[in-house]
Amino acid sequence: MDNRFRTTALKRDDFRRSYGSLLQLLLAIVITVIAFYPIYWMLISSVKSQDEILQLRPTFWPREFHFENYTAVLRKGNFPKYYFNTIVMTFGILASQIVTGIFAAYGFSKGHFPYRDKIFLLVLGALMIPVQVTFIPLYIMFARFNLTDTFTGLILPSAVSPYYIFMLRQTFMSIDDSYIDAAKIDGLGKVGIITRVLTPMCRSTLFTVTLVTFTTGWNSYFWPKIIAKEESHRVLTVGLAKLRDTFAGQGTMNNHEIMAGAVLAIIPVVVLFFIFQKYMLSGYSKAAMK
C-alpha cells in the first residue's frame with residue numbers, strides 16, 4: 001500500500017515538473033516571438049515593394065524580392081558619410097566613457113576620500129535626469145563655444161556615463177583588496193593597479209557595459225539631431241529620418257527604403273552582439289554580486 005502510494009506521488013511530481021517545464025517553454029517561445037517579430041517584419045519589409053507594404057492584408061513573406069531597395073537607399077542618402085560620422089561619434093563616446101568610467105569606478109570602490117559614498121549617490125542621481133531636461137542649457141553652452149556641427153559637440157555630452165561607473169564600481173568592490181596589496185608590493189602604482197590588475201579581472205563586466213555603450217551611442221538620435229544640422233556631421237539615425245523627406249521637404253511614401261536603411265544601420269550592432277554575447281550574462285551577474 002505504501003509502495004503504491006509512493007509510486008503515485010512520484011508520478012504526480014513528475015507530471016508537475018513536466019507541466020511546469022512545458023509552461024516555461026511556451027512562455028519562452030511567446031516572449032521570443034514578441035521580441036523578434038519587429039526585427040523579422042523590418043527584414044521582410046526591406047525587400048518588399050511599397051505597394052505590397054501598404055496592402056490591407058499583410059503578407060508575412062515577400063511575393064517578390066526587391067533587393068534594389070538597398071541600392072536605392074545608398075543612392076538617395078549619403079550613407080557612407082553617415083556611417084563614418086556615426087563611427088567617429090560612437091567610438092569617441094566609447095573611448096571617453098571607458099577612461100572616465102574605469103578611473104572613477106576605482107576611486108568610488110577602492111579609493112579613500114571624504115564623502116566618497118555621498119558623492120557616488122550624486123553620480124547615481126544623474127541616471128534619473130533625462131537628456132530632454134538638460135539639452136537646452138547644453139545647446140546654449142555649446143553654441144556659445146562654437147561646438148555645433150562638430151564631432152566634439154556630438155561626443156562631449158556623453159563623455160561620462162553614470163551607468164558605466166556604477167557597473168564597474170560594483171565589480172571592483174567584489175575584488176578582494178589582497179590583490180591590490182600584492183600589486184603594491186610588486187611596485188605598481190595606482191594606474192598600474194587599475195590597468196594591469198583590476199581591469200583584466202572585470203573583463204566580463206567591461207565587455208558588457210562597452211557593448212551597451214556602443215549600442216546606445218550608435219542608436220542616439222535626439223542630441224545628434226539638435227547639435228548637428230549640416231550634412232557633414234549627420235549620423236545614421238538622423239539620416240534615416242531624412243529618407244522620408246523629398247527635396248521640397250515634404251513627406252514621401254517610401255517605407256520599403258526606410259526599412260532597408262534601418263537594416264543597414266543595425267548591422268554593426270548585431271555583429272558585435274553575436275561576438276560578445278557570451279560575456280554579457282556573466283558581466284551582469286558579477287556586477288550584481290555586491
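# Reading this model: a dialogue

Mentor: Start with helix α5 (residues 116-125), where Arg116, Phe120, Val123 and Gly125 are buried. Buried means under 20% relative accessible area, exposed means over 50%, and partly exposed lies in between, with a 1.4 Å probe and protein chains only. This is a predicted model, in which local features need pLDDT of at least 70 and side-chain atom pairs count only at pLDDT 80 or more, while totals for chains, interfaces and linings use all residues. Residues are numbered from 1 along each chain as its sequence is written, and side-chain values use heavy atoms, with hydrogens and water left out.

Trainee: Against which helices do the buried residues of α5 pack?

Mentor: They pack against α4 and α8. Contact here means heavy atoms within 4.5 Å. Helices are DSSP runs of H or I with at least four residues, strands are runs of E with at least two, and both are numbered from the N terminus.

Trainee: How many helices and strands does the protein chain have?

Mentor: The count is 14 helices and zero strands. The protein chain has 290 residues, and 36% of them count as buried. For contacts between residues at least 6 apart in sequence, 71% join residues at least 24 apart.

Trainee: How do I read a pair of packed helices?

Mentor: Two packed helices are described by the angle between their axes and the distance between the axes. The axes are lines fitted to C-alpha atoms, for helices over the stretch in contact, and the angles run from 0 to 180 degrees between N-to-C directions. Angles under 35 degrees count as roughly parallel, over 145 as roughly antiparallel, 65 to 115 as roughly perpendicular, and the rest as oblique.

Trainee: At what angle do the axes of α8 and α11 cross?

Mentor: They cross at roughly 170 degrees and come within 10 Å. α8 is therefore roughly antiparallel to α11. On the α8 side the contact is made by Tyr163, Tyr164, Met167, Leu168 and Thr171, and on the α11 side by Thr205, Leu206, Val209, Thr210, Val212 and Thr213. These residues divide into seven nonpolar, four polar and no charged. Ala, Val, Leu, Ile, Met, Phe, Trp, Tyr, Cys and Pro count as nonpolar, Asp, Glu, Lys and Arg as charged, and the others, Gly among them, as polar.

Trainee: And how do α4 and α10 cross?

Mentor: The axes of α4 and helix α10 (residues 190-201) cross at roughly 100 degrees and come within 11 Å. The two helices are therefore roughly perpendicular to each other. α4 brings Ile102, Phe103 and Tyr106 to the contact, and α10 brings Lys190, Val191, Ile193, Ile194, Leu198 and Thr199. The contact of α4 with α10 holds seven nonpolar residues, one polar and one charged.

Trainee: How is a pocket found?

Mentor: Rolling a probe the size of a water molecule over the atoms shows where empty space is left. On a 1 Å grid over the protein atoms alone, a pocket is an open set of points with protein on both sides within 12 Å along at least five of seven lines, a cavity is a set where a 1.4 Å probe fits but cannot get out, and lining residues have an atom within 4 Å of a point. Grid points are joined across faces, edges and corners, and the volume is the space filled by probe spheres set on the points.

Trainee: What volume does the largest pocket have, and which helix gives the most to its lining?

Mentor: The volume is about 960 Å³. α11 gives the most to the lining, with five residues. At least two lining residues each come from α4 (79-109), α6 (131-144), α8 (162-173), α11 (203-219) and α12 (222-227). The lining has 30 residues, and Val131, Pro157, Ser158, Val160 and Pro162 lie nearest the centre of the pocket. By class, the lining divides into 21 nonpolar, nine polar and no charged residues.

Trainee: Which residues does Ala265 contact beyond its neighbours within four places in sequence?

Mentor: Ala265, in helix α14 (residues 255-287), is in contact with Tyr83, Trp218, Leu236 and Leu240. Ala265 is buried, with a relative accessible area of 9%.
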